[in-house]
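Open the model in your viewer and keep the sequence panel beside it. This tour tells you what to select at each stop.

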Amino acid sequence: MSNLKAVAEHSKVSIATVSRVINNDPKVSKETMLKVQASITALEYKPNRVAQRLRSTKSKTKLLGLVIPDIQNPFFVDVVRGVEDYAYQNNFAVMIGNFGQDEKKEKLYLDILQSENIDGLIVAPIHGRDKGVENLVKKNIAVVCIDRGLTEVDVDIVKVDNDEGAFKAIDHLLSIGHRRIAFISGNFKIPTYIDRLAGYKRALSKYGVPFDESLIFVRNTDYKSGFELANRILDLEERPSAIFSGNNLLTLGALEAIHGRNINIPEEISIVGFDDMPWSISLNPPLTAVRQPGFDMGRKAAEMLYERILNPSNKKEKVILDTELMLRKSTTPIE
């Protein structure tokens, strides 16, 4: 494995110039940049990232942080793929932290990533008043929020229109005759679910259906919560005709509860999920779901972070992507 000195000798420039090329110094001419890069390729030189980080807190490490709440959720798997795709194309590596809605664990990952002198961070804050993320923004660290934002601090964000996505789902159910629609939701400290509840209420209002708080079931955003909350719904004396589930894992838990009782979908109960899954079409019956573009969100967040790193004084950007309701066979009209 060649070293920095060998690259400098091969390209007939100084070691300092090689270092500037590796760190993408804009003062290096294009001709010199190409010459050094050709030598790096020819000699198979691999820069030592640890050494780069230790040399100076001002040097670019070509390292991004990504902190997400649940790597088991297929939606966030798509987000990770989108971030990594853009990062790789622009010569960045990505360090990932998965905090599982645990505030202490999230803080641990944020501290570790700061110590690694990352160039920037993409994060889904644990809630709208996430102090750990707020502090990073206030320190002028490049931050892009994904899926959910901050309520008190101006920050770059990319998310979907959660209100409209939920509205589409409930509007569909109401349009085919459903009036008692249960909503299985994650914690309303998370802005995502506040917006989805707003869309749920807006659709009810459109059809003149009174909002019934007893049909809102709230817990964590995991599979177990979906299973337990769905069982509570199925135990109601007046069972709803439909369930709207707030995310992928909640939907999977709800489906297990329904199938475990041998309740037929959609003949006995309809279900719509927020988040389409790759295997939704293979379920029995195929699942009607709100599709959000996780890969595109991740890629856009990485692109925004790259721009923020290059232009830290630019105005903060808010990007809201559309959702799509995928109509399949898990819903049916009722009289």
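**Before you start.** This is a predicted model, in which local features need pLDDT of at least 70, side-chain atom pairs count only at pLDDT 80 or more, and totals for chains, interfaces and linings use all residues. Residues are numbered from 1 along each chain as its sequence is written, and side-chain values use heavy atoms, with hydrogens and water left out.

**The sheet.** Show the cartoon. Helices (H or I, at least four residues) and strands (E, at least two) are DSSP runs, numbered from the N terminus. Find the open sheet of six strands, ordered β7-β6-β8-β9-β10-β12 with mixed pairing. Two strands pair if DSSP finds at least two bridges between them. Select 216-218 and 324-326: these are the edge strands β7 and β12, each pairing on one side only. From one strand to the next, the twist averages 15°.

Now select 181-185 and 242-245. These are β6 and β8, paired in the parallel sense over four bridges. Opposite A182 stands I243 in β8.

**Helices on the sheet.** Select 162-175. This is helix α8, which packs on the sheet and touches β6, β8, β9 (270-274), β10 (288-291) and β12. Contact means heavy atoms within 4.5 Å. The direction of α8 makes about 170° with that of β9. Axes are lines fitted to C-alpha atoms, for helices over the stretch in contact; angles run from 0 to 180 degrees between N-to-C directions. Next, select 223-234: helix α10 lies across β6, β7 and β8, at about 155° to β6.

**Rings.** How many aromatic pairs does the structure hold? Seven. Rings of Phe, Tyr and Trp (its six-membered ring) pair if their centres lie within 6.5 Å; planes under 30 degrees apart count as stacked, over 60 as edge-to-face and the rest as tilted. Select F75 and F76: an edge-to-face pair, 4.9 Å centre to centre, with 65° between the planes. Both F75 and F76 are buried (under 20% relative accessible area, with exposed over 50% and partly exposed in between; 1.4 Å probe, protein chains only). Then select F183, Y200, F211, F244 and F274, a cluster linked by ring pairs.

**Charges over rings.** The charged end of K201 sits over the F211 ring, 4.7 Å from its centre. The cut-offs: NZ of Lys or CZ of Arg within 6 Å of the ring centre and within 35 degrees of the ring normal. Likewise, the charged end of R196 sits over the ring of Y193, 5.3 Å from the centre.

**Last stop.** Select S39, in helix α3 (residues 30-43). Why does S39 count as buried? Because its relative accessibility is 2%. Neighbours within four places in sequence aside, S39 is in contact with V7, H10 and S11.
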